[in-house]
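User: I'd like to learn how to read the layout of a protein model, from domains down to helix packing. Could you walk me through it?

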Amino acid sequence: MDKIFGYDNFLNEIVWCYSIGGKSKDKFGRKHDNILWYRKSSSHKFNPDGAKIPRKPKSHMKLLTDPEGRQYQQKTDAKTGKLYKYYVDEGKVAEDYWTDIETLNYEDAERIGYPTQKPYRLLERIINSSSDSGDIVADFFSGGGTTATVAQRLGMRWICCDISRIAVAITADRVTNIAMQTNNREKQAVQQTIVPISDISIEYWGIYEIPSLTKLNDDEFRHFVVSAYNGRPASADDDVHGYKEGIPLYVGSSSQDLPITKDQVIDFAKTVRTKKGKNHGIMLAWAFAPSAQTAAAKLEEEKGVSVEFVKISLVPIESEDFRKHITGKHKEYSDLLVFILPPEVRFKSKRTASLTYEFDISESTSINIGGKIINAQWDFDFKGKFISTQGYSFIRGDKNLPKLSVTYAFPTAGIKKIACKVQDDKGGERTEIIELEVK
Ligand SMILES: C[S@@+](CC[C@H](N)C(=O)[O-])C[C@H]1O[C@@H](n2cnc3c(N)ncnc32)[C@H](O)[C@@H]1O
């Protein structure tokens, strides 16, 4: 932290004390966490109101009541003679040791079961004391997503990330639920009315998903392709979208249905020759029409301009091709490269009473080496976007083991769409959707 933020930007070490947790017989009980507060620059925000705790009257001072019935204590400064009044109902700014926030117990309504989950109040104090509404809160190790959930409750914007798929899935789920609740209490039933919620987007970094590519507009797509080709994007005011080692580049449409046409080849060759004074250009595209290929051959012969075609293809990240591509360049990567595959989900359901069903995915398997299924989330009213039903996002049974068989009582009969998201401990995740006639 000193290295990242600078030693001079250290503000506080806060000791958060709690009493819940295991007892120690052979050492002092470990009952606190340390929170380090750094600022990013030479100034920072501190909102005393967000840092307030109740003021306990001091036993050695008299407790007085003013004409309005407010309790206070007072003290005269021996040097200046100034009189200080401390109103009990005004509270006081907390010191750097916090003893008034208990850690979560097993029965806590806000507890979702994620290990290391922090209580809302702790995050509320941290966020409220150091930011104003509309600010952006970030947690780069989001875990169960308490930070994002509290930020969402407080109407802030937030950014979260985590290396674990489960953490991301749980965070997304909790904030969506919170955003959908018209009431702030998490355990209260989700209101069925749709309330406007802020956009929440989940990005998986390092993987280019085909749907994301096709969503890019032509400019974004060109920029992406030129960069991926190790070229330098150019401001596209003409037919040249970038350069690689001085060679002009042209990128076709982002749509795989629009191959490069003959006219595009002729226009590009003209720009390369007359405007750029070159005799070589490269066109990158999903596909090239046969007439485009003929045109290129003719241009080379007649005008001495060579237009090279580079076909773009997407290599599935799980494929052997991808592995070869990476390890061919860097041999030492071969041990490091692991492909994460989604688990195989085997699903069973059984009606146990009227409107009540038992769902079981315990026979599902992870197909990643050494992997095991460690979580299942359920959305019993799937409407196209996975939002787990309250209480069905992180279910643990005996010895805190994942519970892969659950019971659910539907509120009504009829055809229901049920989605189950299954995760393994290697980062594999698959969502299975089924339709069931509930009776
Ligand atoms: C203690 S938990 C976070 C708790 C959370 N901040 C809270 O206040 O409730 C730590 C999280 O860091 C994640 N993590 C560990 N190494 C990481 C990395 N290199 N990048 C991103 N996340 C990582 C873990 O998956 C885990 O969920």
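User: How far apart do the C-alpha centres of domain 1 and domain 2 lie?

Analyst: The C-alpha centres of domain 1 and domain 2 lie 32 Å apart. Domain bounds come from an automatic or database domain assignment, and here they give domain 1 (2-54 + 93-186), domain 2 (55-90), domain 3 (209-336) and domain 4 (348-438). Please keep in mind that this is a predicted model, where local features need pLDDT of at least 70 and side-chain atom pairs count only at pLDDT 80 or more, while totals for chains, interfaces and linings use all residues. Residues are numbered from 1 along each chain as its sequence is written.

User: Which order do the strands of the open sheet have?

Analyst: Helices (H or I, at least four residues) and strands (E, at least two) are DSSP runs, numbered from the N terminus, and two strands pair if DSSP finds at least two bridges between them. In this model, five strands form an open sheet in the order E11-E12-E13-E14-E15, with mixed pairing. Strand E11 (232-233) and strand E15 (306-311) are at the edges with a single partner strand each, so one side of each has no neighbour in the sheet. Strand E13 (residues 247-251) and strand E14 (residues 280-285) run parallel, joined by three bridges. Leu249 stands opposite Ile282 in E14.

User: Which strands does helix H6 touch as it packs on the sheet?

Analyst: Contact means that the C-beta atoms of two residues, placed from the backbone, lie within 7 Å. Axes are lines fitted to C-alpha atoms, for helices over the stretch in contact, and angles run from 0 to 180 degrees between N-to-C directions. Helix H6 (residues 218-228) touches E11, strand E12 (242-244), E13 and E14, and its direction makes about 135 degrees with that of E13. Helix H7 (residues 262-275) lies across E13, E14 and E15, at about 145 degrees to E14.

User: At what angle do the axes of H7 and helix H8 cross?

Analyst: The axes of H7 and helix H8 (residues 290-303) cross at roughly 30 degrees and come within 8 Å. Among the residues making the contact are Val265, Ile266 and Ala269 of H7 and Ala292, Ala295 and Leu299 of H8.
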